[in-house]
Amino acid sequence: MQEPESNQEKWLSGFMKETFREQKRTRRWGIVFKLLTFTYLFVALFLFMNTGLLDKESATQEDHTAMVVVNGVIAADEEANANSIVSSLRAAFKNEHSKAVMMVINSPGGSPVQAGYVNDEIKRLRGIYPEKKLYAVIAELGASGGYYMAVAADEIYADKSSLVGSIGVTASGFGFVGLMEKVGVERRHYTSGEHKAFLDPFSPAKTEEALFWQGVLDSTHKQFIKVVEEGRGDRLDKGNKDLYSGLIWNGEQALALGLIDGLGSPGYVARDVIQAEEIVDYSIKPSKLESFTKSLGLSIGEGVATLLNRSDTAMQLR
């Protein structure tokens, strides 16, 4: 025969049931709040990614100055890569409401190949749209590969304190042969060509290979000089023996040397030179979603891999 529950047992049973009900309610509300949070973040991200699109669309239907920004090291895997810059320039030239194109440069240089692609494309676009001028405006720095791009423009402007020039080519690396001998490390590198490993930092340098590499750099330097003279013509002070030495000058000095045509900011060029004060940025940049994920650290592995794989001996217009 089952004994009747005591008051204490009834209280405990009721307490447990109420506790379970409260836990269910808490879980249910937790799910609701998570869904609301997810929805809020999704909507916020969507609005963040699309902010300004309507404004830009309306702006491109009125007369304006089309701007393309070249920012940072010029390389295929950087923001300032030829594909992005060229695509931006094409869109800027194509729009019938852009009175002129303004390329704002802030770059120490980089790949001669990437800079060459942009220089060639500017010449092509100027031929297709002869009525539309392209102005290069140098911000803090327009050196080497950055200047290589600029000389394809109709005119170049810079601030009086901007750094301009550095018409030269460089390639650098390290030699670890002596260090390896000290720590007792033996290098084992097998090749099928006599000079296949001539840039290997763990092998002794050879005089004939150093002379060969210097010849490659000198040849590339001559290409750079040719592009500068084609772009600047008689405006250059060719009597200055340091013009192509790799030195860099401020804006006032660059103006005296004929490296630029005037002193002024992007705003000045748009307002007073082009006479279209409204500026529309045509620059192709990483998507805001990509930038957002990178800010969370999702690209750390990619960045480390890039640093490990990048060769120190790559030729640079710097």
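Is Ser166 buried or exposed? Select Ser166 to begin: it is buried, with a relative accessible area of 9%. Keep in mind as you go that this is a predicted model.

**Stop 1**

Most residues other than glycine have a negative phi.

Ser144 sits in the loop between strand E3 (134-143) and H5. Ser144 counts as buried because its relative accessibility is 0%, and the cut-off for buried is under 20%.

**Stop 2: Met149 and its surroundings**

Met149 is buried, with a relative accessible area of 0%. Which residues surround it? Leaving aside neighbours within four places in sequence, Met149 is in contact with Val70, Ile74, Ile85, Met103, Gln114, Ala115, Val118, Asn119 and Ile122.

Met149 and Gly109 are 40 residues apart along the chain, and their C-alpha atoms are separated by 9.4 Å.

**Stop 3: a network of salt bridges**

Next, select Arg90, Glu121 and Arg124, which are linked in a network of salt bridges. Side chains of opposite charge can pair when their charged atoms come close.

Take the pairs one by one. Between Glu121 and Arg90, the closest N and O atoms are 3.0 Å apart. This pair links distant parts of the chain, with Glu121 in helix H4 (residues 112-128) and Arg90 in helix H3 (residues 82-94), 31 residues apart. Glu121 also meets Arg124 in a salt bridge, at 2.8 Å from N to O. Here both partners lie in helix H4, 3 residues apart, about one turn of the helix.

Glu121 is buried, with a relative accessible area of 8%. Arg90 is partly exposed at 40%, and Arg124 is partly exposed at 41%.

**Stop 4: Arg232 and Asp261**

How many salt bridges are there in the count? The count comes to 8, and one more pair is worth a visit. Select Arg232 and Asp261, whose side chains meet in a salt bridge (2.8 Å, N to O). Arg232 lies in helix H7 (residues 207-232) and Asp261 in the loop between helix H8 (251-257) and strand E7 (262-263), so the pair ties together parts that are 29 residues apart in sequence. Arg232 counts as buried, at 2% relative accessibility, whereas Asp261 is partly exposed, with a relative accessible area of 26%.

**Stop 5: a charged patch on the surface**

Finish on the outside. Select Glu62, Asp63, Glu277 and Glu278, which gather in a patch of negative charge on the surface. Then zoom in on Asp63, in the loop between helix H2 (53-59) and strand E1 (64-71). Asp63 counts as exposed because its relative accessible area is 52%, and the cut-off for exposed is over 50%.

Methods
Residues numbered from 1 in each chain as written. Predicted model: local features only at pLDDT ≥ 70, side-chain atom pairs only at ≥ 80, totals over all residues. Heavy atoms only, no water. Patch = residues over 30% accessible without salt bridge, like charges linked within 9 Å, V, L, I, M, F, W, Y side chains within 5 Å. Areas by Shrake-Rupley, 256 points an atom, 1.4 Å probe, with all protein chains shown as cover. Salt bridge = Lys/Arg side-chain N within 4 Å of Asp/Glu carboxyl O. Lys, Arg positive; Asp, Glu negative; His and termini not counted. Charge placed at Lys NZ, Arg CZ, Asp CG, Glu CD. Helix = DSSP H or I, 4+ residues; strand = E, 2+ residues; numbered from the N terminus. Buried < 20%, exposed > 50% of the residue type's maximum accessible area, 1.4 Å probe, protein only. Contact = heavy atoms within 4.5 Å.
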